[in-house]
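Here is a short briefing to read alongside the sequence and the coordinates. Take the points topic by topic.

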Amino acid sequence: MLRLDKLVKTYKTGDQALKAVELDIPNGQVLALIGPSGAGKSTLIRCINRLVEPTSGEVWLGDTELTRLSPSRLRRERRRMGMIFQEYALVERLTVMENVLSGRLGYVGFWQSLTRRFPQKDVDEAFRLLDRVGLLHMADKRADELSGGQRQRVGICRALIQDPAVLLVDEPTASLDPKTSRQIMRLICELCAERGLAAIINIHDVALAQMFVQRVIGLRLGAVVYDGPPDGLTPDKLTEIYGEEDWEATIDKVDDEDEEAEAIA
Ligand SMILES: Nc1ncnc2c1ncn2[C@@H]1O[C@H](COP(=O)(O)OP(=O)(O)OP(=O)(O)O)[C@@H](O)[C@H]1O
């Protein structure tokens with residue numbers, strides 16, 4: 001349902017960030033996008049909702065070719081793509097509730113958006129989402145009073161209240177400690193499963209990706225060099241994606257986590 005066809009991005013500087021990337025992501029599939037710094041992960045995510053304009057190629061969301069849309073149609077279609085950011089991108093002086101409701105700004109009229117008056121059904125849904133992520137009791141707190149993990153939960157609610165068809169997630173755990181990172185990844189994956197939502201998660205932590213997703217895409221120098229299940233990421237494959245490194249430690253870490261999880265279960 002999300003399809004990238006020969007997607008190319010060459011920046012004005014001449015940097016070829018994406019080289020004819022082909023990708024099909026069915027409804028409900030959560031995939032991790034991994035690769036070394038500069039591989040093109042952020043560019044790929046941003047070319048999907050055209051925060052970065054692709055140089056050539058096509059992006060399809062269902063039956064709509066996003067790469068052809070006029071600015072006004074694009075604004076409407078962007079509502080179907082929820083985005084979650086590394087630095088949360090909350091408005092610090094607004095409350096948790098106001099930040100969540102800002103995910104509906106694309107749906108309400110101009111005057112409503114200026115006065116931030118939202119329909120009751122939006123407010124009800126915001127409460128439901130905050131309850132789901134364990135933040136109901138914080139609805140009236142200001143965003144700048146929250147921890148990193150709590151902020152990211154608000155960011156997740158803001159993306160979900162858009163009622164998106166796909167989630168674009170850019171390094172959601174890069175600013176969080178390891179335990180909170182696992183909680184946030186688990187939450188994103190559970191919510192996607194509950195809602196049949198597709199997601200692309202740009203993530204640096206390979207072990208974390210392996211713990212939670214069904215499919216991993218490895219990017220190197222703007223090209224897909226791995227597309228498969230997390231357990232297919234052998235040391236050789238990781239070397240192909242990232243270059244030389246001792247990968248046994250990373251893979252062992254995943255095995256340990258699995259055993260730990262089994263022991264708890
Ligand atoms: N605005 C820009 N102008 C010019 N070149 C850019 C721009 N943004 C990214 N690039 C280049 O495009 C390539 C891919 O960058 P991108 O940020 O997409 O990689 P990434 O995999 O997300 O890296 P990181 O993991 O470090 O965030 C790099 O060579 C980068 O220097």
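How many nonpolar, polar and charged residues does the shell around the ligand have? By class, there are 3 nonpolar, 7 polar and 2 charged residues. This is a predicted model. The protein chain holds 10 helices and 10 strands.

**Overall chain**
- The protein chain has 265 residues, and buried residues make up 36% of them.
- Take the contacts with a separation of 6 or more: residues 24 or more positions apart account for 69% of these.

**Ligand shell**
- Tyr 11, Thr 13, Asp 15 and Ala 17 are among the residues that surround the ligand.
- Gly 35, Ser 37, Gly 38, Ala 39 and Gly 40 also belong to the surrounding set.
- Lys 41, Ser 42 and Thr 43 complete the list.
- Helix H1 gives the most to this shell, with 3 residues.

- An open sheet is formed by 4 strands in the order S2-S1-S4-S5, with antiparallel pairing.
- Its edge strands are S2 (16-25) and S5 (64-65), each of which pairs on one side only.
- S1 (residues 2-10) and S2 run antiparallel and are joined by 6 bridges.
- Thr 10 has Gln 16 in S2 as its bridge partner.
- H1 (residues 41-48) lies across S1, S2 and S4 (56-61).
- H1 runs at about 60 degrees to S2.

**Strands S6 and S7**
- S6 and S7 pair over 4 bridges, in the parallel sense.
- Ile 84 has Val 169 in S7 as its bridge partner.
- In a regular strand, side chains alternate between the two faces of the sheet.
- S6 is covered on both faces: Met 81 and Met 83 are buried on one side, Gly 82 and Ile 84 on the other.

**Helix H6**
- Helix H6 covers residues 148-160.
- Its length agrees with expectation, because 13 residues at 1.5 Å a residue should span 18 Å and the end C-alpha atoms are 18 Å apart.
- H6 is mostly covered, with 10 of its 13 residues buried.
- The buried residues of H6 include Arg 151, Gln 152, Arg 153, Val 154 and Gly 155.
- Ile 156, Cys 157, Arg 158, Ala 159 and Leu 160 of H6 are buried too.

Terms used
Residues are numbered from 1 along each chain as its sequence is written. This is a predicted model: local features need pLDDT of at least 70, side-chain atom pairs count only at pLDDT 80 or more; totals for chains, interfaces and linings use all residues. Helices (H or I, at least four residues) and strands (E, at least two) are DSSP runs, numbered from the N terminus. The expected span of a helix is 1.5 Å times one less than its number of residues. A residue is buried if 20 or more other C-beta atoms lie within 10 Å of its own, exposed if 12 or fewer, and partly exposed in between; C-beta atoms are placed from the backbone. Two strands pair if DSSP finds at least two bridges between them. Two residues are in contact if their C-beta atoms, placed from the backbone, lie within 7 Å. Axes are lines fitted to C-alpha atoms, for helices over the stretch in contact, and angles run from 0 to 180 degrees between N-to-C directions. A residue is near a molecule or strand if its C-beta atom, placed from the backbone, lies within 6 Å of it. Ala, Val, Leu, Ile, Met, Phe, Trp, Tyr, Cys and Pro count as nonpolar, Asp, Glu, Lys and Arg as charged, and the others, Gly among them, as polar.
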